Amino acid sequence: MDKFILNVVHRPELMPEYINADAQAGKAEEFGGKKVVGESLDIFRLQQDIAHANGIKCTIQMTYASLYSDEAIQLAKDYHKQYGDEIGHTFLGVQCDRFRATYGSRELAMWLFPWDLKVRLVHDSFERFKEAFGFYPTSTGSYFLDAELINYIKEKYPGVKIAVAACFEEGPKVFRHTNNTWYTLLDGGPWTAWVPSKACSHAIAENAADDAGIVAVPHLSRDLLGVMDNPGDMFGTHPQNIIRGLAYEDDRLPFMYNLVDQYQVMKRYNKGFSYNLVYVGPGWMGKAGRWECPYRILKKSYEDFLAYYGQLKREGKVTVMTMTEFADWYRANKAVNEPICALWKDTIFGTKNQCFWYADSRFRVQIDLKLGGAITDIRPYASKLKRPCGAGTPANQDASYPFIVHARYRGGPFTHYAGEGAIKSAKVRFHGEEVDLSACRSTGRYEEGDGYRKLIVRPVTVEFRGLEVRIETSYTFRENTGTIDIARKIVGLTDPTAKVEIDEFITACWGTREYPEDLTGCTLAVIHDDGTRHAIDYAYRCREHSAEAVAAVEAVIPMVHTRIRMTPQTGPCKGYYEEGYSFAPNLKIGLCRELGLNEELVTTFSIERAA
Amino acid sequence: MAQGRTGKINYRCPQCLFRTIDYDLLYDRDADQYYCRRCNWEGDEMAILALYRVYKQQYPDMLKRWTVVEILAKDEEPGTTGNTPNPRPS
């Protein structure tokens with residue numbers, strides 16, 4: 001397969017958040033004013049014209065407000081007739097006079113509505129859509145759609161095939177970026193197209209029985225390295241977002257082309273397939289400019305961006321589809337639980353930094369190569385956590401899928417003098433010295449085969465007093481099994497007779513944000529080779545236990561219904577757990593073994609649902 | 001003192017930008033000065049633009065084009081490997 005697919009989405013939003021700020025504040029005299037509506041539709045027309053001039057077919061997502069605008073409806077019909085654009089639907093852009101009169105709310109985020117208003121809006125807008133166009137939409141979307149709402153939509157409107165269902169890594173970092181006011185707390189989902197689980201839309205479906213019935217796509221295609229320590233809203237296939245991050249000079253934004261090219265490279269890690277979504281709301285192209293950036297540059301950046309896709313299309317390097325066409329293609333060519341993979345390189349910060357992302361139906365894992373290939377983010381999809389969001393739910397605004405490791409929200413390799421941060425890494429010991437491999441920068445290579453994807457971390461050199469050790473790490477992801485085989489091999493020793501100890505460990509926790517969550521009720525266990533267990537219930541008492549030649553070590557985090565286990569595969573290992581304490585609110589399990597030259601420690605790290 | 005207003009150009013506070021917070025500045029016409037309502041930054045337009053230039057230094061490759069071929073070639077590079085600091089590429 002050699003397929004790079006592009007979806008371009010435009011919406012005739014009649015009150016973009018960024019144009020009509022006064023109306024957002026509730027000033028009725030400004031609300032949906034003719035000037036605002038006129039400018040919004042002008043921007044929509046401009047976006048459409050730019051796309052069509054470059055031979056790009058679009059998906060028009062009709063907003064609630066635009067479904068009551070004769071002009072917007074006629075425009076959509078005309079574009080469909082002339083260019084074959086799909087007329088789809090979105091839950092963005094609900095605000096207008098009619099909405100306020102009908103729903104009595106200034107809420108703009110449909111996924112945060114109380115359930116009764118969600119389903120009312122589904123019916124109102126889908127029925128109004130049919131009234132306007134004579135058919136029901138087959139594509140829809142929002143910044144986020146939880147599984148409960150997707151299931152409801154599928155039950156009532158089974159023709160829906162695809163939805164913009166999340167905004168990749170819009171979470172605490174974006175919230176902070178927006179002065180703690182933009183409530184898209186949606187961390188933890190896939191970065192490219194996936195089939196969502198019926199239980200939780202972030203998670204990739206297990207199988208046909210778990211298939212929610214749609215293909216989900218993220219709101220934008222983002223830079224997978226840029227989002228790790230930065231708000232994603234500066235690093236995506238959205239030229240004005242790049243401008244927001246000030247990664248431009250005058251009207252030059254080469255990074256936007258780098259992003260597209262890197263997504264073409266993603267075909268190498270995804271069996272020949274890659275995908276881009278471009279979805280720029282009209283508010284980003286207002287005549288008044290956006291922050292420091294004048295309209296001229298906002299407009300030119302979009303023209304240049306779509307012109308590049310147009311060039312790729314002419315060269316046969318990208319296939320432009322509507323959203324529903326893409327859903328049909330995905331269903332015909334990809335499995336329900338298709339793993340997704342990315343070995344991503346820096347093209348903006350001037351480093352050799354790389355990261356690796358992997359996701360399937362059992363977990364999403366992020367590996368930071370500059371941390372020696374440490375795992376820095378784990379989302380346990382195997383748990384298929386039911387997390388409905390919106391008013392009246394326990395999660396309310398916090399729609400993120402919880403992590404059990406997050407090296408940036410929870411310390412990672414660096415803490416201030418005490419405790420340990422959340423990370424999955426290994427330590428190397430020799431004669432009383434200890435080095436964490438996360439101190440060893442590296443890069444990666446990718447391999448794949450039948451039922452597995454593999455990241456090989458290039459060997460790093462650990463320097464002890466009197467000894468240098470070269471160690472190679474590899475991660476073999478057994479697709480949709482919830483297991484990773486992690487190998488640490490000694491490939492060089494300045495003293496070939498020396499032995500070093502490898503400590504393969506995970507320091508875990510749970511949560512969706514920076515602050516610690518209660519770990520009371522977690523369990524830690526060392527499982528001996530005769531099957532007996534030495535286990536404790538977590539109580540912040542800093543207890544530890546270790547034993548020789550263990551069968552496995554494990555921890556259960558019941559708050560996220562997750563069991564993690566490490567099992568030795570090559571020779572006997574000492575196993576241990578460490579409980580942690582309130583100033584170090586993590587739990588740790590590990591396996592240790594002494595290795596000589598050309599010996600390796602292979603452990604299987606598994607994640608499964610705990611009842 | 002005069003009421004702060006959005007200036008002709010809607011600048012964001014450069015000091016807040018450095019900690020990745022978008023926060024609009026207000027303009028004090030009497031003092032011919034921009035100021036932030038979140039942090040303690042204040043200054044004129046030249047100071048804003050100077051700090052924006054500093055902000056952009058986090059992107060050494062901001063104007064560099066990385067093509068498909070060049071990005072693929074990174075798969076073959078040995079990269080940096082060691083627990084000692086490596087010099088930042090120029």
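A residue is called buried here if 20 or more other C-beta atoms lie within 10 Å of its own, exposed if 12 or fewer, and partly exposed in between, with C-beta atoms placed from the backbone. The model is predicted: local features need pLDDT of at least 70, side-chain atom pairs count only at pLDDT 80 or more, and totals for chains, interfaces and linings use all residues. Residues are numbered from 1 along each chain as its sequence is written, while chains are lettered from A and ligands numbered from 1 in the order in which they are written.

**Stop 1: chain A as a whole**

Select chain A. Helices (H or I, at least four residues) and strands (E, at least two) are DSSP runs, numbered from the N terminus. Chain A has 11 helices and 28 strands. Its radius of gyration is 25 Å, close to the 25 Å from the globule rule for 611 residues, so chain A is as compact as a globular protein of that length. That radius is taken over C-alpha atoms, and the rule is 2.2 Å times the number of residues to the power 0.38. Along the principal axes, the C-alpha atoms fill a box of roughly 80 × 50 × 45 Å. Of the 611 residues, 58% count as buried.

**Stop 2: the side facing chain B**

Now show both chains. Two residues are in contact if their C-beta atoms, placed from the backbone, lie within 7 Å. By that test, 39 residues of chain A are in contact with 37 residues of chain B. On the chain A side, α7 (172-177), α9 (254-265) and β17 (452-464) each supply at least two residues. The largest share, 8 residues, comes from α9(A). Colour this side by type: 16 residues are nonpolar, 12 polar and 11 charged. Here Ala, Val, Leu, Ile, Met, Phe, Trp, Tyr, Cys and Pro count as nonpolar, Asp, Glu, Lys and Arg as charged, and the others, Gly among them, as polar.

**Stop 3: helix α9(A)**

Select 254-265 of chain A. α9(A) is mostly covered, with 9 of its 12 residues buried. Among them are A:Phe255, A:Met256, A:Leu259 and A:Tyr263. What do they pack against? The buried residues of α9(A) pack against α8 (239-244), β7 (273-279), α10 (295-314) and β9 (340-345) of chain A, together with α3 (68-73) of chain B.

**Stop 4: a parallel sheet**

Move to the open sheet of 3 strands, ordered β4-β5-β6 in chain A, with parallel pairing. β4 (139-141) and β6 (215-218) of chain A stand at the edges with a single partner strand each, so one side of each has no neighbour in the sheet. Strands pair if DSSP finds at least two bridges between them. β4(A) and β5 (162-166) of chain A share 3 bridges. Find A:Thr140; opposite stands A:Ala163 in β5(A).

**Stop 5: two hairpins**

Return to β17(A). It pairs antiparallel with β18 (467-478) of chain A over 11 bridges. A:Glu463 has A:Glu468 in β18(A) as its bridge partner. This hairpin has 2 residues between the strands, and A:Gly466 takes a positive phi near 85 degrees.

Follow β18(A) onward. It pairs antiparallel with β19 (483-493) of chain A over 10 bridges. A:Val469 stands opposite A:Leu493 in β19(A). Here 4 residues lie between the strands, and A:Asn480 in the turn has a positive phi of about 60 degrees.
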